[in-house]
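I opened this entry to go through the structure region by region. I began with the parts that call for caution and then moved to the packing.

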Amino acid sequence: MFNANLNSTCATSANLYKCVPPRTNFVTHIDNSIEDKLYLRNDYNCIFINVHKNAGTSIRSWWDKESYWLVDVCEKCCSFSQFLLYRCMTCGTTSKKVEQRILDTPKFWVLRNPLTRIVSLFFSYLDKVPFPPAEIAFPPSEEEMELWLGWRFNENLTSKFNGFLESLKDFNFYEGHLFPQSVHLTHKNLSIEDVETIRFEHLQKDLEKFCKKNNIVTDNPIPVLNISKGKREEQQLITDYINSNQTVKEKIISLYPEDWEWYNKFKNSIS
């Protein structure tokens with residue numbers, strides 16, 4: 001839970017990272033952007049910004065399911081509506097009141113080493129089809145599907161992983177979970193100075209400090225990271241492969257340059 005002084009030299013992630021082509025009309029599904037999910041605990045007076053594969057399940061479990069999307073009265077349609085970031089999910093109107101509420105409320109997110117996060121993403125894509133058929137307004141072509149999912153039929157685990165990385169080349173983040181961590185802030189018009197950063201590798205320690213700083217009292221234990229036991233050996237194999245192969249490591253860093261910069265700024269920070 002730290003606020004390092006970041007003078008980023010990276011390209012603005014909102015301009016750098018795009019999904020091409022757009023494939024859906026659903027606001028909660030990827031369409032040259034990412035979902036704008038924020039979780040609010042009124043009694044804690046804080047907002048959690050969820051990033052896929054960054055302990056979101058553990059944190060929402062710690063909150064004992066008392067976490068909600070922002071809910072308020074829409075100034076246009078007058079319904080008590082959920083807001084996806086600043087937009088009313090009933091009529092789509094942008095709310096200045098909700099925008100100010102987000103700005104005024106303490107916010108935190110979890111930042112993870114992109115070299116370990118990519119391993120979690122890889123294994124999640126081994127087991128699922130990332131595009132729910134009912135939500136696809138612009139179905140990908142056979143060539144696109146071959147690029148995005150064909151690697152799953154490679155012979156061994158490392159060749160599957162190499163194919164997975166190849167499918168992401170040129171920042172082709174073809175599903176919302178694959179987007180860089182940084183975009184979850186910049187897409188919400190937030191900078192890293194606007195939030196408290198919880199280090200994934202020090203989750204319990206940093207959350208305890210965040211709670212103390214913001215006078216949050218909870219009877220629930222601070223979460224322990226949930227590691228899939230069934231995948232542990234395979235995950236370690238891919239982790240060792242990354243750590244022993246500089247070319248693969250550089251390929252991952254080139255996909256997520258801003259995440260890598262931020263991670264290295266924060267990883268050894270002292271509160």
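Where pLDDT is low, the predicted coordinates should not be read in detail, and I set both sets of contacts aside.

I then took the overall confidence. The mean pLDDT of the protein is 75, and 65% of the residues score at least 70. Helix H1, residues 13-16, has the lowest confidence, with a mean of 40, while H10 has the highest, at 96.

I found 11 helices and seven strands. The protein has 271 residues, of which 48% are buried. Among contacts with a separation of 6 or more, 72% join residues 24 or more positions apart.

I turned to the largest nonpolar core, which holds 27 residues. Which of its residues touch the most other members? They are Ile-118, Phe-161 and Phe-164. Two or more residues each come from helix H4 (114-126), helix H5 (142-149), helix H6 (157-167), helix H9 (232-243) and helix H10 (246-255). H4 gives the most, seven residues.

I listed the neighbours of Phe-161, leaving out residues up to four places away in sequence. Phe-161 touches Ile-118, Phe-122, Ile-238, Tyr-241, Ile-242, Val-248 and Ile-252. I also recorded a second, separate core of 18 residues; Phe-48, Val-110, Leu-207 and Phe-210 are among them.

I checked helix H8, residues 203-213, for burial. Its buried residues include Leu-203, Asp-206, Leu-207, Phe-210 and Cys-211. Viewed down the axis of H8, the buried residues fall within an arc of 140°, so they line one face of the helix. I asked what covers the buried residues of H8. The cover includes strand E2 (46-49), helix H2 (56-62), strand E6 (107-111) and strand E7 (196-199). After H8 comes Asn-215, with a positive phi near 55°.

I went on to the aromatic rings and counted 14 aromatic pairs. Tyr-44 lies in the loop between strand E1 (38-41) and E2, and Trp-62 lies in helix H2, so the pair ties together parts that are 18 residues apart in sequence. Both Tyr-44 and Trp-62 are buried.

Phe-161 and Phe-164 form another tilted pair, with 6.5 Å centre to centre and 40° between the planes. These two residues are three apart in helix H6, so about one helical turn separates them. Phe-161 and Phe-164 are both buried. I also found both in one aromatic cluster, together with Phe-122, Phe-123, Tyr-125, Trp-151 and Tyr-241.

I looked for charges over rings. The charged end of Arg-41 sits over the ring of Tyr-44, 3.9 Å from its centre. The charged end of Arg-112 sits over the ring of Phe-200, 4.1 Å from its centre.

I stopped at Gln-181, in the loop between H6 and helix H7 (183-186). Is Gln-181 buried or exposed? Its relative accessibility is 0%, so Gln-181 counts as buried. Not counting residues up to four places away in sequence, Gln-181 touches Val-51, Asn-54, Trp-109, Val-110, Leu-111, Arg-112, Pro-114, Arg-117 and Asp-259. Among these, Val-110 is also listed in the second core, and Arg-112 is the residue whose charged end sits over Phe-200.

My last stop was Pro-221, in the loop between H8 and H9. Pro-221 has 67% relative accessibility, so this residue counts as exposed. The C-alpha atoms of Pro-221 and Trp-63 are separated by 9.5 Å, although the two residues are 158 apart along the chain.

Terms used: Residues numbered from 1 in each chain as written. Predicted model: local features only at pLDDT ≥ 70, side-chain atom pairs only at ≥ 80, totals over all residues. Heavy atoms only, no water. Core = buried A, V, L, I, M, F, W, Y, C linked by side-chain atoms within 4.5 Å. Buried < 20%, exposed > 50% of the residue type's maximum accessible area, 1.4 Å probe, protein only. Helix = DSSP H or I, 4+ residues; strand = E, 2+ residues; numbered from the N terminus. Contact = heavy atoms within 4.5 Å. pLDDT = per-residue confidence, 0-100. Arc of directions from axis to C-beta. Phe/Tyr/Trp six-rings, centres within 6.5 Å; stacked < 30°, edge-to-face > 60°. Lys NZ or Arg CZ within 6 Å of the ring centre and 35° of its normal.
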